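I'd like to walk you through one structure, going strand by strand and then stepping back. Let me put it up on the screen.

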Amino acid sequence: MAGITITGIGKRFGATVVLRDVSLTVEPGEFVALVGPSGCGKTTLMRIIAGIETADSGDITIGGRAVTRLPPAERDVAMVFQSYALYPHLTVRENIAVPLAMRRLSAVQRLPVLGGLLPGARARRRAIASEVERAAAPLGLAPLLDRRPMELSGGQRQRVALARAIVRRPAAFLMDEPLSNLDAALRVQTRREIVEIHRAAGVATLYVTHDQAEALTMADKVAVMMDGALLQISSPEAIYADPASLQVATFIGSPRINMLAATADAEGRVDVAGLPVGLRAQAHSALTLALRPEALRLAQEGLPVIAEHLEFLGDGLLLHARHAPDGAAVIARLEPEAREKVQPGAALRLGFAPERALLFGADGKRVAARADARLVTA
Ligand SMILES: Nc1ncnc2c1ncn2[C@@H]1O[C@H](COP(=O)(O)OP(=O)(O)OP(=O)(O)O)[C@@H](O)[C@H]1O
Ligand SMILES: [Mg+2]
């Protein structure tokens with residue numbers, strides 16, 4: 001077992017700064033998801049860890065070994081990338097065996113017919129064959145071992161690429177959007193398989209995705225990257241419920257978190273458009289009150305909104321509304337029974353529990369807030 005530690009990684013391409021002082025630890029056996037918008041530097045970071053790209057500054061250790069100056073082959077990491085390169089003329093079995101054959105057989109021993117006749121080669125080939133079968137079985141590839149890549153679906157090819165990475169038993173896995181070529185159903189299934197394989201193998205894994213749902217469901221820890229910098233590294237629960245900045249709060253969660261302009265007066269009473277909302281914070285003239293859609297509910301008192309339209313989700317409703325004082329868009333996730341009460345055009349009030357409210361300052365950083373017992377909205 002081993003982990004990955006990267007410290008102070010910086011990288012620029014010409015004048016463009018792509019990574020800014022990136023530090024991250026993947027503990028032994030841990031699964032860390034790296035999420036962020038397109039172009040924020042995720043693939044560049046993975047390539048630097050793998051050794052395919054060099055960093056301008058910073059250090060990398062894998063399994064406690066300093067690898068910053070080692071070539072990719074000596075870093076003991078297995079990579080699965082978005083575009084998986086399988087050898088088209090080799091069968092699934094042979095594709096998966098490639099890394100083991102390269103490591104354990106001489107060039108002559110690798111020859112298809114002659115190689116098998118050489119002393120020592122037969123036992124080694126048998127060992128490789130059984131390891132290939134052990135890696136292939138949990139991925140459902142056992143019936144496909146004698147096919148060639150062109151006879152497989154996209155999802156099956158992706159799983160061959162995964163098996164080829166697993167069979168090496170590396171010190172760490174690097175996966176860069178390995179599911180992006182799969183359709184929705186297969187993505188959900190393969191997602192679960194990757195998590196199960198990770199648990200069974202117990203290998204430190206860094207997994208890149210721009211799909212935040214994937215990050216939240218799969219990972220022990222989520223690292224949010226924007227514009228080349230890591231903004232927050234926390235458990236999925238904390239990233240969602242306790243974001244450190246407005247950037248993280250708005251990137252994670254769908255529909256997007258609601259945002260309303262707020263102020264805190266000299267006594268610390270937080271108002272939204274002159275209405276006290278049951279919170280206290282340090283005096284501040286330009287706050288943002290952020291509320292997840294599911295934190296809002298229909299109430300007697302609370303934020304005044306005008307209903308615009310409804311989306312029926314089966315197990316709930318999304319109410320799209322406008323905040324009456326300033327026209328800000330507000331989305332509330334309600335129980336399906338709320339349907340009759342929320343006709344388009346209706347004037348409604350949306351309440352929330354103060355502990356669900358998040359406050360951010362003008363710089364986008366989180367501002368501490370506490371419930372103001374006397375003013376809690378119903
Ligand atoms: N070889 C290169 N030369 C110059 N610029 C590059 C090079 N490789 C990447 N970049 C730039 O670096 C930035 C980060 O790219 P990177 O591929 O790491 O993003 P990403 O987060 O993986 O995005 P995506 O989610 O779209 O895959 C981008 O602005 C990209 O244009
Ligand atoms: Mg990328």
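Okay, let's start with two strands, β3 and β9: they pair in the parallel sense, with four bridges between them. If you want a spot to look for, find valine 32, which stands opposite lysine 221 in β9. Before I go on, please keep in mind that this is a predicted model.

On to the next partner. β9 also pairs with β10, this time in the antiparallel sense, over five bridges. There, methionine 225 sits opposite leucine 230 of β10. The two strands form a hairpin with two residues between them, and aspartate 227 takes a positive phi there, near 50°.

Back to β3, residues 31–35. It pairs with β8, residues 204–209, in the parallel sense over five bridges. And here's valine 32 again: its bridge partner in β8 is leucine 206.

So what order do the strands of this sheet come in? Reading across, we get β6-β7-β8-β3-β9-β10, an open sheet of six strands with mixed pairing. At the edges are β6 (77–81) and β10 (229–234), each pairing on one side only. Neighbouring strands are turned by 15° against each other on average, ignoring direction. There's a helix to spot here too: α4, residues 154–166, lies across β6 and β7, and runs at about 175° to β6.

Next, the ligand. Which residues are around ligand 1? Among them are Phe13, Val18, Lys42, Thr43, Thr44 and His210. Helix α1, residues 42–50, gives the largest share of that shell, with three residues. By type, the shell splits into three nonpolar residues, seven polar and one charged.

Let's zoom out. The chain is divided into domain 1, residues 4–241, and domain 2, residues 255–375. Their centres, taken over C-alpha atoms, are 42 Å apart. Over the whole chain we have eight helices and 21 strands, and the C-alpha atoms fill a box of roughly 85 × 45 × 35 Å along the principal axes. Of the 378 residues, 37% are buried.

Definitions and conventions. Residues are numbered from 1 along each chain as its sequence is written. Chains are lettered from A and ligands numbered from 1 in the order in which they are written. This is a predicted model: local features need pLDDT of at least 70, side-chain atom pairs count only at pLDDT 80 or more; totals for chains, interfaces and linings use all residues. A residue is near a molecule or strand if its C-beta atom, placed from the backbone, lies within 6 Å of it. Ala, Val, Leu, Ile, Met, Phe, Trp, Tyr, Cys and Pro count as nonpolar, Asp, Glu, Lys and Arg as charged, and the others, Gly among them, as polar. Two strands pair if DSSP finds at least two bridges between them. Axes are lines fitted to C-alpha atoms, for helices over the stretch in contact, and angles run from 0 to 180 degrees between N-to-C directions. Two residues are in contact if their C-beta atoms, placed from the backbone, lie within 7 Å. Domain bounds come from an automatic or database domain assignment. A residue is buried if 20 or more other C-beta atoms lie within 10 Å of its own, exposed if 12 or fewer, and partly exposed in between; C-beta atoms are placed from the backbone.
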